[in-house]
Amino acid sequence: MKIVKLIIRQAEVSKEFPEGMRLSLKDDASIIDALNAADQLIKEKCNRFSMRGYTSLLQMVYHPSEDRFYNQVAVQGYTKSNTFLNIRENPRKTLPNETIIILVSEGGRAPDWEEPVK
C-alpha cells in the first residue's frame, strides 16, 4: 500500500476537505485510482458529490474515452523529494509512495474549455 495526498482546488470540495485528502492506495495505483478513492471519501462525508451537474470528481476532470484530463483542468504531481511527475500526460502512470497531487478543476487552459462527458 502507498499513501497519496490529493489537494483539490475547487470551492465545494475544498470546503469539506481544506487540508486535502490522505489516500491509502494499492502499490500500482495511478491518479485515476486516487480520484476514484477521493470520490468515495466525498460520497461518504457528503452523501453525494457536491457539484451540480456532475456525479463525481472523476467525471468533472477526466475524459474517459480519450484517457486524458479536460483542457480546463490543471493537475500537478510531486514526489516526496519534490520531483515533478507528468501525470497530466500519462494519467495511468503508477504513482510513487507519498506523491502529492494538486488538482484545479477550472484552471489550466480555460480558453479551450470542454464540456465534460456525462
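**View 1. Contacts and overall build of the predicted chain.** Among contacts in the chain between residues at least 6 apart in sequence, 58% join residues at least 24 apart, where contact means heavy atoms within 4.5 Å. This is a predicted model, in which local features need pLDDT of at least 70 and side-chain atom pairs count only at pLDDT 80 or more, while totals for chains, interfaces and linings use all residues. Residues are numbered from 1 along each chain as its sequence is written, and side-chain values use heavy atoms, with hydrogens and water left out. The chain has three helices and seven strands, and along the sequence these follow the pattern β-α-β-α-α-β-β-β-β-β; helices (H or I, at least four residues) and strands (E, at least two) are DSSP runs, numbered from the N terminus. A compact globule of 118 residues would have a radius of gyration near 13 Å, and the chain, with 13 Å, agrees with this; the radius is taken over C-alpha atoms, and the globule rule is 2.2 Å times the number of residues to the power 0.38.

**View 2. The buried residue D39 in helix α2.** D39 has its place in helix α2, which covers residues 31–46. Although D39 is buried, it has no salt bridge, and K43, the nearest side chain of opposite charge, is 5.7 Å away. Here buried means under 20% relative accessible area, exposed means over 50%, and partly exposed lies in between (1.4 Å probe, protein chains only). A salt bridge is a side-chain nitrogen of Lys or Arg within 4 Å of a carboxyl oxygen of Asp or Glu; for charge, Lys and Arg count as positive and Asp and Glu as negative, while His and the chain ends are not counted. Leaving aside neighbours within four places in sequence, D39 is in contact with F49, S56, L57 and L58.

View 3. The structure holds three salt bridges, and one of them joins the side chains of E66 and R68, at 2.7 Å from N to O. E66 is partly exposed, with a relative accessible area of 45%, and R68 is also partly exposed, at 23%. In another, the side chains of R92 and D67 meet at 3.2 Å, N to O. Because R92 lies in the loop between β6 (84–85) and β7 (99–104) and D67 in the loop between β3 (62–63) and β4 (68–69), this pair ties together parts that are 25 residues apart in sequence. R92 has a relative accessible area of 49% and is partly exposed, as is D67 with 32%.

**View 4. The salt bridge between E98 and K80.** E98 forms a salt bridge with K80, and the closest N and O atoms are 3.4 Å apart. E98 lies in the loop between β6 and β7 and K80 in the loop between β5 (74–78) and β6, so the pair ties together parts that are 18 residues apart in sequence. E98 is partly exposed, with a relative accessible area of 35%, whereas K80, at 65% relative accessibility, counts as exposed.

**View 5. The buried residue T99 in strand β7.** T99 lies in strand β7 and is buried, with a relative accessible area of 0%. When neighbours within four places in sequence are left aside, T99 is in contact with I3, V4, K5, Y78 and L85.
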